[in-house]
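Let's take a friendly walk through a ligand site and the pockets of a protein model. Please have your viewer ready.

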Amino acid sequence: MSKVVLITGAATGLGRATALKLAQEGYRLSLVDYNDEDGNDTAERARELGAEVIFVKADVSKEEEVRQYVAQTVEAFGAIDYFHNNAGIMIPFRLLHEYSSEEYDRLMNINVKGAFLGIKYVIPVMLEHGGGVIINTVSSNSFKPTAYNGVYAASKHALAGLTKSIGQDYQDKHIYAVGVAPNTMQTNISAQAISTYTEEVGAKIAATTAPNIPATAEEIADVVIFAMGGAKMLNGSVVNCAGGQIYT
Ligand SMILES: NC(=O)c1ccc[n+]([C@@H]2O[C@H](COP(=O)([O-])OP(=O)(O)OC[C@H]3O[C@@H](n4cnc5c(N)ncnc54)[C@H](O)[C@@H]3O)[C@@H](O)[C@H]2O)c1
C-alpha cells in the first residue's frame with residue numbers, strides 16, 4: 001500500500017503545493033484546512049493527478065477538531081506515515097506593545113497550540129504503527145525575527161522548539177521530526193499582516209530582513225519532500241530555506 005501523508009493548511013500555499021507534488025508521486029493524502037472551499041479544490045486537483053484523497057474541514061486550534069481529523073485519517077487509510085504540520089497565520093505588523101492579547105492568543109492558538117495538538121494526536125498513531133515522520137513548517141523567523149513581527153516570530157521559535165523536542169523524545173521509537181523554514185515564500189499569508197503596512201513599517205522590515213532568494217511554494221514543497229526522505233538523519237533539525245542567507 002502507498003504511504004499516507006496528513007497535511008494541515010492544505011487549502012492554499014505550501015500545503016497545497018506539497019499535496020499536489022505528493023499526489024503525482026502516488027501517496028495517499030489526508031488534507032486538512034478550515035477553508036473548505038479551497039481545501040476541496042486542492043483535494044479535487046490531487047484526485048485528478050491519480051491520488052487517493054480525503055479532505056477534512058477542521059480548525060487546528062480546536063482540540064476536538066484535531067482529534068476528529070486524526071481519527072478520520074486513520075479510518076480512511078489505517079495509518080499516518082508522514083505528518084506535514086503546516087497550518088499557520090500571520091497577524092498585522094505591529095510593535096510588540098501594540099499587539100492586543102486577543103491577537104496574541106489567536107496567533108499562538110493556531111501556530112503553536114494547533115501544531116502541538118496535531119503532534120499530540122498523530123504521535124500515538126505513529127507509535128502504534130512502529131514510527132513515522134513529522135515535518136513542521138517553521139520560518140526564518142525561528143532563527144531571526146524581522147521587525148513588526150514579534151508574536152509571529154515567537155510562535156515560530158516555539159514550533160522549532162517542539163521540533164527539537166520530538167528529536168529528543170522519540171529517537172528510539174522511529175519517529176523523526178524536521179522543521180522546514182521558508183524565508184520569503186510567495187503565498188498570500190501576509191494579506192492580514194499588510195493591513196498595518198506603512199512606508200515606515202516597510203523600511204524597518206526591509207532593514208531587518210537579511211538578503212535572501214524568494215521561493216515559490218513549489219520550491220519549498222520540494223524541500224518538505226526531501227526532509228520526509230531524510231528525516232532519520234535530519235531528526236530534530238531545522239532546514240533553513242533562505243536561499244543563501246546563513247542563520248545560526
Ligand atoms: N509565506 C511565507 O513567506 C512563509 C515564510 C515562513 C513560514 N511560513 C509558514 O508556512 C506555512 C504555510 O503558509 P503559506 O505561506 O503557505 O500561507 P497560506 O496562507 O497560503 O497557507 C496557510 C494555510 O493554513 C490554513 N489555516 C490557517 N489557520 C488554520 C486553522 N486554524 N485551521 C486550519 N487551517 C488553517 C489556511 O487556510 C491556509 O490554507 C505557515 O505555517 C506559515 O507560517 C510562510
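## About the model

This is a predicted model, in which local features need pLDDT of at least 70, side-chain atom pairs count only at pLDDT 80 or more, and totals for chains, interfaces and linings use all residues. Residues are numbered from 1 along each chain as its sequence is written, and side-chain values use heavy atoms, with hydrogens and water left out.

## The ligand and its shell

Now for the polar contacts (pairs of N or O atoms within 3.5 Å). A ligand oxygen is 2.6 Å from an N or O atom in the side chain of T187. Backbone polar atoms also take part: one of M185 is 2.9 Å from a ligand oxygen, and one of G13 is 3.4 Å from a ligand oxygen. On its own the ligand has 830 Å² of accessible area, and the protein covers 93% of that (Shrake-Rupley method, 1.4 Å probe).

## The largest pocket

Where does the ligand sit? The space it takes is the largest pocket, given that a molecule sits in a pocket if more than half of its atoms lie within 2 Å of the grid points. A pocket is an open set of points on a 1 Å grid over the protein atoms alone, where a 1.4 Å probe fits, with protein on both sides within 12 Å along at least five of seven lines; lining residues have an atom within 4 Å of a point.

The volume of the largest pocket is about 1,200 Å³, counted as the space filled by probe spheres set on the points. Its lining has 46 residues, with M90, T187, N188, I189 and S190 nearest the centre. Helix α1 gives the largest share, three residues.

## The second largest pocket

This pocket has a volume of about 210 Å³. Among its 16 lining residues, K3, D81, G131, G132 and V133 lie nearest the centre. Helix α7 (217-234) and strand β5 (132-137) each supply at least two lining residues, and α7 gives the most, with five.

Definitions and conventions
Polar contact = N/O pair within 3.5 Å; in protein donor to acceptor, adjacent residues only side chain to side chain. Helix = DSSP H or I, 4+ residues; strand = E, 2+ residues; numbered from the N terminus.
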